Amino acid sequence: MKNWKWILTAAVCAVCAVALASCDDDDDGGAERVPDAVAAAFGSQYGSTTRVEWDTERGGYYVAEFLKDGREHEAWYTAAGQWAMTEVDYARNLQALPQAVQDGWAATAYARDGWTVDDIDEIQRPGYETVYVLDVEKYGQPDHDLYFDLGGTLYRDVQDGHQGGNHGGMVPGAVPEQIKAYVDSAFAGAAIVDFDREDGGRYEVDLRHGGRSVEVTFGADGRWLMTKTDLSRDVPDMVRNAVSALYPTARIDDCDLVETAAATFYAVETERPDLDLTVGTDGSVAPQHH
């Protein structure tokens with residue numbers, strides 16, 4: 001019996017030793033799998049941050065998860081060590097956001113209709129302006145991710161599940177030279193907020209220019225198609241008067257100045273889902289055709 005007890009004790013000790021070794025491997029966060037270039041880039045950007053856990057994401061990105069300034073961070077790098085994006089988790093702390101973003105959220109229909117903020121992320125990317133993503137929820141409704149620029153403009157609204165990880169592809173792609181040249185010429189000094197390629201091959205660039213949020217659309221060949229400037233917080237009197245003359249009780253929720261090669265007009269959304277309008281530069285009003 002004593003021999004059996006000794007054998008059992010030895011076996012337990014061996015299992016414990018393996019378990020401890022496994023824990024030690026977990027503590028280094030898989031650092032042994034991280035290329036030297038990635039580790040060097042992370043160290044240069046974030047210094048001697050401790051308790052870093054590494055993971056890999058689709059597309060070959062290496063992601064460092066760590067705490068900094070009391071907040072959870074995720075920093076994304078290519079295998080060559082090029083920084084692609086950092087997500088900073090603000091939990092539900094709206095008060096920690098820039099005042100313009102707080103005001104932008106308060107002005108949305110979601111805030112007025114009783115939706116609550118479940119999570120907030122700050123997105124930092126090289127060559128792009130910082131944006132904030134608010135995950136909002138309401139009982140019986142699918143969640144939405146609301147994207148705000150630093151001016152507090154809601155420039156993207158995505159229903160939960162309709163886009164993939166890393167906030168629907170927030171890791172930036174390269175802006176084609178033809179499009180970049182147009183933006184630099186037509187919107188000198190603008191900050192690029194986002195860049196995406198839409199279904200059908202069109203490109204969409206979101207900017208902040210002159211204190212306004214601007215969305216510029218290009219064809220698959222890089223040719224300019226449309227510019228849409230957000231005027232929600234500064235609706236022209238002509239537009240307000242034209243809408244109120246026909247719909248005295250309608251409240252304007254959103255107003256964009258739309259410019260194409262063929263026409264210039266104002267696209268107006270009211271609080272009524274069945275009442276979206278087009279207002280011409282001459283004050284004429286017509287229903288929007290979707």
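**Chatting through a predicted model**

Visitor: Starting with D69, is this residue buried or exposed?

Guide: D69 is exposed, with a relative accessible area of 67%. Buried means under 20% of that area, exposed over 50%, partly exposed in between, with a 1.4 Å probe on protein chains only.

Visitor: What are we looking at, and how are things counted?

Guide: This is a predicted model, in which local features need pLDDT of at least 70 and side-chain atom pairs count only at 80 or more, while totals for chains, interfaces and linings use all residues. Numbering runs from 1 along each chain as its sequence is written, and side-chain values use heavy atoms, without hydrogens or water.

Visitor: Back to D69, where does it lie?

Guide: D69 is in the loop between β2 and β3 (71-77). Its phi is positive, about 55°, although D69 is not a glycine.

Visitor: How do β1 and β2 pair?

Guide: Strand β1 (residues 53-57) and strand β2 (residues 61-68) run antiparallel, with 5 bridges. Pairing takes at least two DSSP bridges between two strands. E57 sits opposite Y61 in β2. The two strands form a hairpin with 3 residues between them, and G59 in that turn has a positive phi of about 100°.

Visitor: Switching to β10, why call it largely enclosed?

Guide: Strand β10 (residues 203-209) has 5 of its 7 residues buried, so the rest of the structure largely encloses it.

Visitor: Which strand pairs with β10 over 6 bridges?

Guide: That's strand β9 (residues 191-197), antiparallel to β10. D194 stands opposite D206 in β10. β9 and β10 make a hairpin with 5 residues between them, where G200 in the turn has a positive phi of about 90°.

Visitor: How many bridges join β10 to β11?

Guide: 7 bridges, again antiparallel, with strand β11 spanning residues 212-218. L207 faces V214 in β11. The hairpin of β10 and β11 has 2 residues between the strands, and G210 there takes a positive phi near 60°.

Visitor: New topic: how much space is in the largest pocket?

Guide: About 1400 Å³. A pocket is an open set of points on a 1 Å grid where a 1.4 Å probe fits, with protein on both sides within 12 Å along at least five of seven lines; lining residues have an atom within 4 Å of a point.

Visitor: Which residues lie nearest its centre?

Guide: L154, D230, D254, D256 and E269, out of 48 residues lining the largest pocket. Strand β13 (residues 252-260) gives the most to that lining, with 5 residues.

Visitor: Where is confidence lowest and where is it highest?

Guide: Helix α1 (residues 2-27) is lowest, at a mean of 38, and strand β12 (residues 224-230) is highest, at 97. Those are pLDDT values, the predictor's confidence in each residue from 0 to 100. Where pLDDT is low, the predicted coordinates should not be read in detail.

Visitor: What's the mean pLDDT of the protein?

Guide: The mean is 86, and 85% of the residues reach 70 or more.

Methods:
Points joined across faces, edges and corners; volume = space filled by probe spheres on them. Helix = DSSP H or I, 4+ residues; strand = E, 2+ residues; numbered from the N terminus.
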